[in-house]
Amino acid sequence: MELIITEKNNAARRIAEILSDGSASTSQRNGVNVYRWGDTRCVGLSGHVVGVDFPEEYSDWRDVEPVELIDADIVKSPTQENIVRTLRELAREADEAVIATDYDREGELIGKEAYELIREETDVPVKRVRFSSITDREVREAFAEPDDIDFDLAAAGEARQIIDLVWGAALTRFLSLTARQLGNDFISVGRVQSPTLKIMVDREREIQAFDPDDYWELFADLSKTGESFEAQYFYDDDGSEAERVWDEGDANAAHEALQAADSAEITTVRRRTRTDAPPAPFNTTAFISAAGSLGYSAQRAMSIAEELYTTGYITYPRTDNTVYPEDLDPEDLLDEFTATREFGDDAESLLAADEIEPTEGDDETTDHPPIHPTGEVPGRGDLSEDEWEVYELVVRRFFATVADPATWAHLRVVAEANGCQLKATGKRLLEAGYHEVYPYSSASESFLPDLEEGDRLDVTEVRMEAKQTQPPRRYGQSRLIRKMEELGLGTKATRHNTIEKLYDRGYIEGDPPRPTALADAVVAAAEEFADRVVSEEMTAQLERDMSAIADGEADLEAVTEESREMLERVFEELRDSREEIGDHLQESLKADRLLGPCPESDHDLLIRQSRQGSYFVGCDGFPDCRYTLPLPSTGEPLVLEDACEDHGLNHVKMLAGRDTFVHGCPQCAADEADESDDEVIGACPDCGADEDGELAIKHLRSGSRLVGCTRYPDCDYSLPLPRRGDIEVTEEYCEEHDLPELVVHSGDDPWELGCPICNYREYEARNAVEDLEDLDGVGPATAEKLDAAGVGAPADLREADPDRLATEIQGVSAGQVRDWQEQLPGESVEDATDERSEDAASEDSSVTDSDGTDDGRSEETDDGEADEEILDDIVTEVEEVEAGETD
């Protein structure tokens, strides 16, 4: 029996379909899909099914000094036991095996891991096949000429695994223990992520330190026979034209002179034609940049590209190459699109050219071609909306690279008005060239009338604009990836994952990403006490060493030993400053959580987290001051710059994916609830008949509102209400439930919510998730990946660890998993479920999370009871986080 091993299940299915001419059947072993035809079996892994870790005796953070991890043994163990068991069983039945994992450093290592598992069972021949697209032609050609595993390339991937584990684990533990930041709030450090974080922190420091300069710009509208255009004032500055006037007096003088001018005379007219060359083919960095202009994060863009690759529609998306290979025939590939509705006309127009000569970029490699369509064209209905948009981007980029240059006519004029110089430029597209097929690059025109030297124009309006110089821009994700590439940080396959990890760890927020106070604290501590941690030179050197392994110029043991020696020197710097580092980090971390003055002490109020994971506001003077305020249980709090005028507290935003909302001042929310009265609207459907319970509209101190029973806590019946807007109780009644219909007034159009019971039933039906593909962002291919990782149903997803799934499923981030979990019914969703399980009364009862656990907040009694243990006992039982520490 021939056994074929691919990197993922959908790749196995696709390859089986090609090699069997569509006759392959599917069976399951240990919950793993096995494709079979004739005497061949094909099975897909789920990325790495074997992981590296430390022996069990190193797992307790409290009993092991972080420095001990530097020289600790590295052990390998299955991370996907059902897949490993299936591979072992099939290997025992096989006469030969073929490794068909992705053709890059990581894919070679995954293939080597499969090879080693096979070797533990049998000594049958094992071959390696490589391809850059999962198309009929490339797959068949690869299997016709198999090769051997490149153990040097795999060793480079293994070196990265080991180095990242040791550096990430040792430094993460050291800083987390030193700062007493444990559990889910541990301080993550990584060989690549920390220097990358420093790039953004340095830029933020530049922005904060920037001192703007004032300047002025002047403009005049000039008109010729009714056709007007804008011209800008300029002056000679040591032989160059300067538009910015730095002295206000000079600006006012020029303004007055222009205002006194009735006309302007054209003194210079220059016409020229310029050629606009088509873009180079896509490499990974350029693709991420182009997808970013369409609104896709780097992680999302690569995830979609990976899906398109494994379904055979585009070539491998992880490549540095910008030169098409010689065996790519542009005409043949264009011909594949002529019969399509979306691309047919453009393909025909390109084929009509006398000669087709693709553009070339500066980088040429031999592993993978630039990203381009394969010629196996999907129908629009075969892809999701996002997949189609990215696929069209790839297709049109290929079209652009084989299109003609664009030609522009440029016109520049200079005019003199009362001793002042004015200039204007216009451009007109003469030949659209590649712009006809690639609408993503600007082809906007600017108009100037036909002008000649000596023409006199009317000056119709003069404007002076006061401006200030601007600080440098923050790095967008695509610019950050280009910067990482320039500095040698990470690889084309890992850079976007590094950025996603920085989001997941709370180091950056927003888009473009902005470093948090935590990021600034960690980078500042590293700079002061161990600058190698954030040194791009050190990280780039290790990347070069790993490339040397791949090229056979270095070996794994030497490179990993060198990295351990580097880390030893880092710990020598850190060891003597442990207490100082801890104090620095703890004080700095407060900045992210500081709200303002406590009303009952001379300390500050901070956002804190209970052992159950929920958030509340507590005093920094605990235990002497026990003042607390509740926060909504939906989302993660973010302190805003806006502050309450009444209480001096910063406003709070609750980050909850698509349901993110601004909570505002926590004290105002609590006071409003304390001052509000319950408004009875009808009988309680659970206990009204027997116990005379009534339903009332209630305002909670956390800012939430609900319809709940007045007999709470004896009756906990409740229904959600939207957080915002004025609620009107109408005189219209629901015939089924005998409750008044409600109207929410928020914005211009009132929301007729209706009967609260009927409304909630409709919401549950509308948001029912019976299958993973019911979730936004989960298509058939992603559902298959989740299933292969043991998440086959919504119930499995609810219990899944986002960080674990992100490490096991290529192209899926922890943030995406959390977003999917938030879509599951039963979770707290703003304006829908809206914390149904919170305290429905304002008496002495504690708020409860949706899982039934007390979150430590109370409506009127001491809110801090459940949280004092956190403040007293920082070193709590911690979860194993090794899998999340590495880049």
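Start with the lining of the largest cavity: Leu171, Leu175, Val189, Ser194, Leu197, Val522, Val523, Ala525, Ala526, Val533, Val534 and Leu574. A cavity here is a set of points, on a 1 Å grid over the protein atoms alone, where a 1.4 Å probe fits but cannot get out; lining residues have an atom within 4 Å of a point. Eleven of these lining residues are nonpolar, one is polar and none is charged. Nonpolar means Ala, Val, Leu, Ile, Met, Phe, Trp, Tyr, Cys and Pro; charged means Asp, Glu, Lys and Arg; the others, Gly among them, are polar.

Quick caveats. This is a predicted model: local features need pLDDT of at least 70 and side-chain atom pairs pLDDT 80 or more, while totals for chains, interfaces and linings use all residues. Residues are numbered from 1 along each chain as its sequence is written, and side-chain values use heavy atoms, without hydrogens and water.

Back to the largest cavity. Its volume is about 90 Å³, meaning the space filled by probe spheres set on the points, which are joined across faces, edges and corners. H15 (517-529) gives at least two lining residues, and so do H5 (151-179) and H6 (193-209). H15 gives the most, four. Helices are DSSP runs of H or I with at least four residues, strands are E runs of at least two, and both are numbered from the N terminus. Across the whole structure, the search finds seven cavities of 30 Å³ or more.

Next, a pocket: an open set with protein on both sides within 12 Å along at least five of seven lines. The second largest pocket has about 810 Å³. What lies nearest its centre? Arg137, Glu138, Glu141, Pro325 and Asp327 do, out of 31 lining residues. The lining holds twelve charged, eleven polar and eight nonpolar residues. H4 supplies the largest share, five residues.

H4 also meets H1. Ile15, Ile18 and Leu19 in H1 contact Asp136, Val139, Arg140 and Phe143 in H4, with contact meaning heavy atoms within 4.5 Å. Five residues of that contact are nonpolar, two are charged and none is polar. The axes come within 10 Å and cross at roughly 80 degrees. Axes are lines fitted to C-alpha atoms, for helices over the stretch in contact, and angles run from 0 to 180 degrees between N-to-C directions. H1 and H4 are therefore roughly perpendicular, the label for 65 to 115 degrees.

Finally, the chain has 26 helices and 33 strands.

Key. Angles under 35 degrees count as roughly parallel, over 145 as roughly antiparallel, 65 to 115 as roughly perpendicular and the rest as oblique.
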